[in-house]
Structures are given as C-alpha cells and as structure tokens.
Amino acid sequence: MITEKFNSRTLANMEVALERACRLLANGGERHEHRRYIASRILAHAETGDKTLDGLTEAGTVAARVLRARAKARQSNAGHVSPSPR
C-alpha cells in the first residue's frame, strides 16, 4: 500500500503535486481517469527516489501536458472530416 511505502511528508508532497498538475487541465482535473494518470506518474517518479515537492510537481506537470496534448490531438482529428466516397 502507498502509505506503507512513503512517509507522511512525501505523501503530502505527492498530494500537493497532484493538485498543482490538475489545475493545468481545462476541467481542473475533475475527471477521475486524468487524476489517476497524473497520480500514477507522480508515484512512479517518487519510486525513483526523488520525493521532493519540485520533482514530484514536475512529474505531475509533464503528465498534465501529455493529457492536454492528447486532448488537443483528439479535437484536431474530430474537426478533420474525410471526404465521403462517391
């Protein structure tokens, strides 16, 4: 369990990093799957040994950018309509 792997300071840093990263998303990170993705990236970073707030926030920020890029790509693909065959 995550609470057994990390001390309370690291857990607090992870929570702050998650909130900061979610604020970068258009919907404020309200979608569970987005929060879960960002949290997983923060957790993976913490497991590498960097448990600093700056390091965890950067990992969350990168994850939020990935989600924003995916959303932008989906929007651009949705706006592109292929001509129908005649």
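Start with helix α2 and helix α3: α2 passes α3 in a right-handed crossing. To see it, select residues 8-22 for α2 and residues 32-47 for α3. Keep in mind that you're looking at a predicted model. The two axes come within 10 Å and cross at roughly 135 degrees.

Next, show side chains where the two helices touch. On the α2 side, pick M14, A17, L18, E19, A21 and C22. Facing them from α3 are R35, I38, A39, I42, L43 and A46. Colour this contact by class and you get 10 nonpolar residues, 2 charged and no polar ones.

Now move on to the largest pocket, with a volume of about 170 Å³. Select L25, A26, N27, R31, H34, L67, R68, A71, K72, R74 and Q75 to bring up its lining. Which helix gives the largest share of that lining? Highlight residues 53-79: that's helix α4, and it supplies 6 of the lining residues. Colour the pocket by class too, and its lining splits into 4 nonpolar, 3 polar and 4 charged residues.

How values were computed. Residues numbered from 1 in each chain as written. Predicted model: local features only at pLDDT ≥ 70, side-chain atom pairs only at ≥ 80, totals over all residues. Heavy atoms only, no water. 1 Å grid on protein atoms, 1.4 Å probe; cavity = no way out; pocket = protein on both sides within 12 Å on 5 of 7 lines; lining within 4 Å. Points joined across faces, edges and corners; volume = space filled by probe spheres on them. Helix = DSSP H or I, 4+ residues; strand = E, 2+ residues; numbered from the N terminus. Nonpolar A, V, L, I, M, F, W, Y, C, P; charged D, E, K, R; others polar. Axes fitted to C-alpha atoms, helices over the stretch in contact; angles between N-to-C directions. Left-handed = near helix turned anticlockwise from the far one by under 90°. Contact = heavy atoms within 4.5 Å.
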